[in-house]
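I opened this notebook to record what I looked up in the structure. The entries follow the order in which I consulted it.

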Amino acid sequence: MKIVIDSISKAFGSVTALENINLNFESGEFVTILGASGCGKTTLLHLLAGLTAPSEGAIYIDGEKKDKPGADRVVVFQQAGLYPWLTVRENIEFGLSLQGASKEEKEQASSHILRIIDLEGFANHKPYHLSGGMQQRVAIARALVMNPKVLLMDEPFGALDAQTRASMQAFLTSLWEKIHCTIIFITHDVDEAIFMGTRLVVLTSRPGRVALDTAVDLARPRTRDAVFSAQFLGLKRKAMDILSA
Ligand SMILES: Nc1ncnc2c1ncn2[C@@H]1O[C@H](COP(=O)(O)OP(=O)(O)OP(=O)(O)O)[C@@H](O)[C@H]1O
Ligand SMILES: [Mg+2]
């Protein structure tokens, strides 16, 4: 699987949000895209999701031009957005129901994913019985159960308190280490951007352009110790210089 962002620009009237973005992503990469508020991160994610059309350029997945939403790309937003009247399991199975999956198929898929996200004990609970972090785990499970080619995440931990946020970063990191799904994760938090992924892209302030695109080779399994390493601090300095330019 290959994602190509080919010479994408996006303007909203006289405001240029993104300018000439060129990026290629391979299967299994965990890319974090870092940028200041208003630099066009959400716009870029919406373009990848097919929710917005580019002003110039195009997005290709495996050579196929993508200008509409599709089951190959699933988005996780800042708010979990679970259906409050459904149980955790029913929320996870919802997309499969729309696809006409049988009861057995749904149960098998949701049980598997509930094990992966370690929420088996909460399968029959309603979302409001869960903490914010647990709800966001269910939102991730609901996306993954659709077996997308790529998981698109727009500041999914932005609404969580600092401690829950740190534990969700560790959760997503170890989830990726287990299943190696392709993730494109957007954030304005420098530490979060460097800590989790295999690759870091930093955008300039408006209009958003790619200022840095680099591998993140911190040891795996990744632990909190990573944030004290020389590589982490070097990347952090580079990223902060771009954000404050
Ligand atoms: N639908 C729209 N109509 C007009 N302008 C828009 C629209 N969507 C985004 N913009 C503008 O494009 C720019 C980039 O917005 P975008 O939401 O992509 O930024 P962002 O990096 O996600 O910001 P944040 O970190 O605050 O979420 C902003 O100046 C915004 O005002
Ligand atoms: Mg945004």
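**Entry 1. Ligand shell.** The model is a predicted one. I listed 13 residues around ligand 1, and the closest are Phe12, Ala17, Lys41, Thr42 and Thr43. The elements that give two or more residues to this shell are β2 (15-26) and α1. I then sorted the shell by class and noted 4 nonpolar, 7 polar and 2 charged residues.

**Entry 2. Helix α1 and the sheet.** I next asked which strands helix α1 lies across. Helix α1, residues 41-49, lies across β3, β6, β7 (150-154), β8 and β9 (199-203). Relative to β7, α1 runs at about 155 degrees.

I then followed the sheet itself. It is an open sheet of 6 strands, in the order β6-β7-β8-β3-β9-β10, and its pairing is mixed. At the edges I found β6 (73-76) and β10 (210-215), each of which pairs on one side only. On average, neighbouring strands of this sheet are turned by 15 degrees against each other, direction ignored.

For one pair I looked up the details. Strand β3 (residues 30-34) pairs with strand β8 (residues 182-187) in the parallel sense, over 5 bridges. Within this pair, leucine 34 stands opposite threonine 187 in β8.

**Entry 3. Helices α2 and α3.** At what angle do helix α2 and helix α3 pack? I read about 130 degrees for α2 (residues 88-98) and α3 (residues 103-116), with the axes 9 Å apart. The two helices, α2 and α3, are therefore oblique to each other. Their crossing is right-handed.

I listed the residues that make the contact. From α2 they are Arg89, Ile92, Glu93, Leu96 and Ser97; from α3 they are Glu105, Lys106, Ala109, Ser110, Ile113 and Leu114. By class, this contact of α2 with α3 has 5 nonpolar, 2 polar and 4 charged residues.

**Entry 4. Helices α4 and α5.** I repeated the look-up for helix α4 (residues 132-144) and helix α5 (residues 162-179), which pack at an angle of about 30 degrees with their axes 10 Å apart. Why is α4 roughly parallel to α5? Angles under 35 degrees count as roughly parallel, and the angle here is about 30 degrees; that makes α4 roughly parallel to α5. The crossing in which α4 passes α5 is right-handed.

On the α4 side the contact is made by Gly132, Gly133, Gln136 and Arg137, and on the α5 side by Thr164, Ser167, Met168 and Phe171. I counted the classes in this contact of α4 with α5 as 2 nonpolar, 5 polar and 1 charged.

**Entry 5. Backbone details in loops.** Arginine 206 and proline 207 are joined by a cis peptide bond, with omega about -5 degrees. I located proline 207 in the loop between β9 and β10. A cis peptide bond also joins arginine 220 and proline 221, and omega is about -5 degrees. Proline 221 has its place in the loop between β10 and α7 (230-243).

Where does aspartate 62 lie? I found aspartate 62 in the loop between β4 (56-61) and β5 (64-65). Its phi is near 50 degrees, a positive value in a residue other than glycine.

Key: Residues are numbered from 1 along each chain as its sequence is written. Chains are lettered from A and ligands numbered from 1 in the order in which they are written. This is a predicted model: local features need pLDDT of at least 70, side-chain atom pairs count only at pLDDT 80 or more; totals for chains, interfaces and linings use all residues. Two strands pair if DSSP finds at least two bridges between them. Helices (H or I, at least four residues) and strands (E, at least two) are DSSP runs, numbered from the N terminus. Axes are lines fitted to C-alpha atoms, for helices over the stretch in contact, and angles run from 0 to 180 degrees between N-to-C directions. Two residues are in contact if their C-beta atoms, placed from the backbone, lie within 7 Å. Angles under 35 degrees count as roughly parallel, over 145 as roughly antiparallel, 65 to 115 as roughly perpendicular and the rest as oblique. A crossing is left-handed if the near helix is turned anticlockwise from the far one by less than a right angle, and right-handed if clockwise. Ala, Val, Leu, Ile, Met, Phe, Trp, Tyr, Cys and Pro count as nonpolar, Asp, Glu, Lys and Arg as charged, and the others, Gly among them, as polar. A residue is near a molecule or strand if its C-beta atom, placed from the backbone, lies within 6 Å of it.
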